[in-house]
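Me: I am new to this structure and would like to learn how to read it. Please take me through it one feature at a time.

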Amino acid sequence: MAAAVVVSGKIIYEQEGVYIHSSFGKTSDQDSLISGILRVLEKDAEVIVDWRPLDDALDSSSILYAGKDSSSVVEWTQAPKERAHRGLEHLNSYEAEWDMVNTISFKKKPHTNGDAPSHRNGKSKWSFLFSLTDLKSIKQNKEGMGWSYLVFCLKDDVVLPALHFHQGDSKLLIDSLEKYVVLCESPQDKRTLLVNCQNKSLSQSFENLLDEPAYGIIQKIKKDPYTATMVGFSKVTNYIFDSLRGSDPSAHQRPPSEMADFLSDAIPGLKINQQEEPGFEVITRIDLGERPVVQRREPVSLEEWTKNIDSEGRILNVDNMKQMIFRGGLSHVLRKQAWKFLLGYFPWDSTKEERTQLQKQKTDEYFRMKLQWKSVSEEQEKRNSRLRDYRSLIEKDVNRTDRTNKFYEGQDNPGLILLHDILMTYCMYDFDLGYVQGMSDLLSPLLYVMENEVDAFWCFASYMDQMHQNFEEQMQGMKTQLIQLSTLLRLLDSGFCSYLESQDSGYLYFCFRWLLIRFKREFSFLDILRLWEVMWTELPCKNFHLLLCCAILESEKQQIMEKHYGFNEILKHINELSMKIDVEDVLCKAEAISLQMVKCKELPQAVCEILGLQDSEVTTPDSDNGEDENVGMTSCPTSAFQSNSLPVLAASGARDDNPAEISMSPNVSRVTPA
């Protein structure tokens with residue numbers, strides 16, 4: 001007898017002593033115990049739950065598949081030899097052929113010829129596996145009822161046999177699954193955990209972002225938008241290809257324009273280039289000139305900050321201070337104070353006394369809002385499904401937000417309690433938006449820096465004012481940013497854009513997570529502190545974060561094109577950049593791009609509007625040197641970045657050892673970009 005088919009892949013969870021209580025033995029009145037191994041595996045961007053008996057030793061011809069007759073009653077069918085062979089291939093790739101669990105409570109319907117499938121091993125018929133994307137809910141045992149058990153319910157109300165945990169409990173399994181899906185209690189039954197039960201705004205946003213019902217990809221992404229977007233966009237890729245090709249081998253090669261046409265229909269207006277369309281400016285190839293290579297300075301020190309404060313506590317020369325922060329960031333000791341100004345919590349022109357009064361006012365306001373949800377009784381909450389859902393979702397997210405950071409690690413961490421309370425209070429502050437997954441990512445660094453509940457809340461509220469459209473149901477902010485990013489990238493490198501379009505990737509969906517939570521998952525925690533404070537200066541132009549995207553993509557262009565990455569590989573490659581990007585290098589490149597665009601004499605109006613450049617003639621850094629010669633007049637002008645304080649630029653790209661000289665030097669050395 002051949003060995004049992006083994007599912008290969010990265011083992012996320014494994015537990016022996018997981019039993020099925022069946023009655024297939026000699027006496028139908030008494031359950032027989034079938035001991036097995038339960039595993040959760042990850043392979044090829046899909047997560048599989050697999051249970052099989054310990055002594056399962058089937059050959060490949062015994063593998064069972066689910067089939068439906070004309071009356072839609074599901075029956076077990078034994079796999080023909082050729083189908084069994086194909087099943088083994090699909091097993092390895094975790095594709096839809098392994099829908100063997102789509103049965104009704106494992107009840108077999110008699111075959112029309114009177115013959116039931118034969119089993120060499122009676123226990124083997126209980127083996128099952130399923131993709132986590134097919135999971136609908138999990139029912140748990142009542143407390144105090146002996147050993148723990150779980151019942152998996154799949155989509156279309158398919159129910160699998162109960163799994164009894166004779167050795168330990170099911171908590172570790174639930175924890176493992178929650179790394180990939182959102183689980184929360186059913187309002188009707190606290191024993192039942194629903195999968196992806198509440199993510200209305202983000203889920204609705206995907207419906208608006210991808211609203212073409214003819215393609216299976218829509219349903220796949222809707223099934224798990226948070227995991228697909230936040231945990232890893234590469235996980236979407238197999239959904240896309242599987243749904244486009246189906247199970248028919250002849251359909252495995254999709255028409256070249258199929259994906260592009262689908263996305264074009266899904267998001268009207270996203271197609272900016274290629275052909276002239278009413279309301280859109282055609283971006284033709286423009287010579288942007290040489291690109292400067294910039295240097296960054298050291299972070300602003302406590303001494304520099306103190307020198308810029310008058311006797312009443314006002315910040316002097318705010319523009320110069322913002323420019324220094326833009327070029328070097330802040331020393332960590334300054335962040336708690338300076339971030340409140342950068343985020344608009346404190347006015348830049350306020351005195352120390354005015355800020356003290358403001359904090360007292362904001363503290364009272366915060367705790368009044370906090371009391372609103374704190375004072376809701378259990379009986380009231382039972383009749384408030386919206387608050388109940390927000391609480392459940394927040395609790396799930398908080399327990400997995402930056403847990404490797406010492407500020408949030410461990411059980412019963414006070415940082416986690418504060419995260420929870422601030423997010424719950426924000427639901428009172430903004431009833432319309434409430435809580436949407438991803439917002440905890442934006443709050444975490446703020447609380448880490450502020451170390452104060454009230455200050456962290458108001459800084460978060462200010463940050464959410466900037467990010468609000470990203471989380472709204474219509475997700476108009478995300479649509480607009482993708483369009484704008486496409487426009488900028490085409491201006492910078494039309495050849496790269498054309499390549500992406502040829503691979504059905506011209507809509508830049510692989511940048512979705514970058515934009516949604518401002519690169520929070522792409523850089524280390526400390527690098528995010530630096531990146532965000534630089535962006536909050538709003539220098540050197542509007543939408544500087546889009547130039548950061550361009551800088552990252554430009555760095556990856558060579559590998560993507562030389563290795564001929566297709567749609568799937570591009571998504572996977574971009575996703576795997578997480579934690580591998582040098583923040584200082586990206587900031588240098590993005591600033592250089594902005595300077596290059598400002599110098600361009602023929603910058604398209606669409607780009608001027610994206611970057612916030614106004615129609616007026618300005619003097620560029622090269623001409624602002626005291627000479628009469630006007631050498632750099634541009635027709636579409638400049639940003640808030642003042643020419644008399646540009647950093648020293650050098651081809652080396654290294655930090656200058658004398659930051660005091662950097663901020664005031666007008667000299668610019670240029671190199672031709674590669």
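Me: Which residues does Thr 351 touch, not counting residues up to four places away in sequence?

Reply: This is a predicted model. In it, Thr 351 touches Glu 312, Gly 313 and Arg 314. Thr 351 itself is in the loop between helix H10 (332–342) and helix H11 (352–374).

Me: Is Thr 351 buried or exposed?

Reply: Look at the relative accessible area. Buried means under 20%. Thr 351 has 8%, so it is buried.

Me: What does the protein look like overall? How many helices and strands are there in it?

Reply: There are 25 helices and 14 strands. Buried residues make up 54% of the 674 residues. The protein exposes about 30500 Å², and carbon and sulfur atoms supply 47% of that area. Now take contacts between residues at least 6 apart in sequence: 68% of these join residues at least 24 apart.

Me: How many aromatic pairs does the structure hold?

Reply: It holds 25. To read one, check the distance between ring centres and the angle between planes. Planes over 60 degrees apart count as edge-to-face. Tyr 463 and Trp 532 have ring centres 5.1 Å apart and planes at 70 degrees, so this pair is edge-to-face.

Me: Why does the pair of Tyr 463 and Trp 532 tie together parts that are apart in sequence?

Reply: Tyr 463 lies in helix H16 (residues 453–471) and Trp 532 in helix H20 (residues 525–535), so the pair joins parts 69 residues apart.

Me: Which other residue forms an edge-to-face pair with Tyr 463, at 5.2 Å centre to centre?

Reply: Trp 536, with 85 degrees between the planes. Trp 536 is in the loop between H20 and helix H21 (544–562), 73 residues from Tyr 463. At 5% relative accessibility, Trp 536 counts as buried.

Me: Which residues do ring pairs link into a cluster?

Reply: Tyr 366, Phe 367, Tyr 426, Tyr 429, Phe 457, Trp 458 and Phe 460. A charge can also sit over a ring. Here the charged end of Lys 362 sits over the ring of Trp 458, 4.1 Å from its centre.

Me: Where does helix H21 bend?

Reply: At Glu 556, by about 45 degrees. H21 has 19 residues and reaches 28 Å from its first C-alpha to its last, close to the 27 Å expected. Its buried residues include Phe 544, Cys 549, Glu 556 and Ile 560.

Me: What should I look for in the backbone?

Reply: Most residues other than glycine have a negative phi, and most peptide bonds are trans. Then look for departures. A cis peptide bond joins Leu 539 and Pro 540, with omega about 0 degrees. Pro 540 is in the loop between H20 and H21.

Me: Where do Asn 317 and Asp 402 lie?

Reply: Asn 317 lies in the loop between helix H8 (302–307) and helix H9 (318–328). It is partly exposed, at 48% relative accessible area. Asp 402 lies in the loop between helix H13 (385–398) and helix H14 (414–429). Asp 402 is buried, at 18%.

Notes. Residues numbered from 1 in each chain as written. Predicted model: local features only at pLDDT ≥ 70, side-chain atom pairs only at ≥ 80, totals over all residues. Heavy atoms only, no water. Phe/Tyr/Trp six-rings, centres within 6.5 Å; stacked < 30°, edge-to-face > 60°. Helix = DSSP H or I, 4+ residues; strand = E, 2+ residues; numbered from the N terminus. Buried < 20%, exposed > 50% of the residue type's maximum accessible area, 1.4 Å probe, protein only. Lys NZ or Arg CZ within 6 Å of the ring centre and 35° of its normal. Contact = heavy atoms within 4.5 Å. Areas by Shrake-Rupley, 256 points an atom, 1.4 Å probe, with all protein chains shown as cover. Expected span 1.5 Å × (residues − 1). Bend = angle between axes of the 7 residues up to and from the residue.
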